[in-house]
Amino acid sequence: MKDRKTTHFGYQEVPVEEKAGRVAEVFHSVASRYDVMNDLMSGGIHRLWKRFTIELSGARPGQQILDIAGGTGDLTARFSRIVGASGQVVLADINASMLEVGRDRLIDCGIAGNVVPVQADAQYLPFPDNTFDCITIAFGLRNVTDKDLALRDMLRVLKAGGRLLVLEFSKPQSRLLEKIYDQYSFRLLPLMGKLVANDADSYRYLAESIRRHPNQETLKQMMVEAGFVECEFHNMTGGIVALHRGIKP
Ligand SMILES: C[S@@+](CC[C@H](N)C(=O)[O-])C[C@H]1O[C@@H](n2cnc3c(N)ncnc32)[C@H](O)[C@@H]1O
């Protein structure tokens with residue numbers, strides 16, 4: 001029998017073709033409680049990480065922005081206000097449940113006119129070459145099966161000079177912080193997930209998938225290899241989160 005190719009889903013090894021389905025189960029399950037859990041788990045700090053992402057994006061009125069793995073639309077909402085009526089933000093996500101929560105939330109906030117929700121996989125973006133001024137992927141790349149493929153496709157749909165911003169959990173920069181963070185992630189997170197969302201497994205996956213994600217330097221190198229230039233990263237909250245930025249030449 002031929003060996004089947006595998007990849008990681010948290011700490012489990014699964015056949016490559018199964019990963020997307022497993023990730024989909026996680027986000028279908030957490031979609032309705034996603035926003036409240038985000039605030040609870042991060043103590044609201046995710047808002048500051050996202051604000052810095054917007055600052056570094058350099059977004060301006062009239063621009064075309066792609067928020068891939070945009071989920072419930074936190075970044076999309078902020079970009080929508082910046083690009084205004086002459087610009088457009090595409091809120092793209094592979095998961096219909098997350099997109100639905102996002103779309104309803106944006107409508108409730110009075111944001112609709114310049115936002116287009118699209119169900120799409122980061123690895124196979126359904127957009128022409130050279131379409132966007134800026135692409136963001138926040139806490140999404142970790143879940144993508146073939147990250148190199150996704151980075152190359154993001155490069156393809158960016159305009160020359162356009163920016164990619166990858167906001168993602170990363171490697172804490174001190175041993176002490178790493179120890180505390182491990183205790184928090186593997187003990188407290190699944191418990192919170194159980195109590196608030198009645199789903200400990202999804203939050204266990206969250207903790208595990210963060211540990212399997214490439215560290216700061218590795219992700220930077222992956223962006224260089226995909227073809228981005230001027231790649232750099234900024235650690236936030238001691239490296240628990242990093243924001244990577246690369247430019248399309
Ligand atoms: C942790 S949420 C982040 C949502 C939002 N960006 C935020 O920062 O709050 C991760 C999102 O990635 C989406 N996702 C996972 N794999 C994806 C893929 N291959 N292509 C596009 N989106 C994906 C999930 O459906 C989910 O909505």
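Student: At what angle do α6 and α9 pack?

Tutor: About 50 degrees, with the axes of the two helices 9 Å apart. Keep in mind that this is a predicted model. Helix α6 covers residues 147–157 and helix α9 covers residues 216–226. Since angles between 35 and 65 degrees fall in the oblique class, α6 and α9 are therefore oblique to each other.

Student: And is the crossing left-handed or right-handed?

Tutor: Right-handed, as α6 passes α9.

Student: Which residues meet there?

Tutor: From α6 you have K147, D148, L151, R152 and L155, and they meet M222, M223 and A226 of α9. Sorted by class, this contact has five nonpolar and three charged residues, with no polar ones.

Student: Switching to the ligand: how many residues surround it?

Tutor: There are 19, and the closest are A69, G71, N95, A122 and A138. The shell is made up of ten nonpolar, six polar and three charged residues.

Student: One more spot, T53. Where does T53 lie?

Tutor: T53 is in helix α3, residues 46–57.

Student: Buried or exposed?

Tutor: Buried, because T53 has 23 C-beta neighbours inside 10 Å, and 20 or more is the cut-off.

Student: What is T53 in contact with, leaving aside neighbours within four places in sequence?

Tutor: L75, T136, A138, L165, L167 and L243. A138 is also one of the closest residues to the ligand.

Student: And how is T53 placed relative to A20?

Tutor: They are 33 residues apart along the chain, and 26 Å separates their C-alpha atoms.

Methods: Residues are numbered from 1 along each chain as its sequence is written. This is a predicted model: local features need pLDDT of at least 70, side-chain atom pairs count only at pLDDT 80 or more; totals for chains, interfaces and linings use all residues. Axes are lines fitted to C-alpha atoms, for helices over the stretch in contact, and angles run from 0 to 180 degrees between N-to-C directions. Helices (H or I, at least four residues) and strands (E, at least two) are DSSP runs, numbered from the N terminus. Angles under 35 degrees count as roughly parallel, over 145 as roughly antiparallel, 65 to 115 as roughly perpendicular and the rest as oblique. A crossing is left-handed if the near helix is turned anticlockwise from the far one by less than a right angle, and right-handed if clockwise. Two residues are in contact if their C-beta atoms, placed from the backbone, lie within 7 Å. Ala, Val, Leu, Ile, Met, Phe, Trp, Tyr, Cys and Pro count as nonpolar, Asp, Glu, Lys and Arg as charged, and the others, Gly among them, as polar. A residue is near a molecule or strand if its C-beta atom, placed from the backbone, lies within 6 Å of it. A residue is buried if 20 or more other C-beta atoms lie within 10 Å of its own, exposed if 12 or fewer, and partly exposed in between; C-beta atoms are placed from the backbone.
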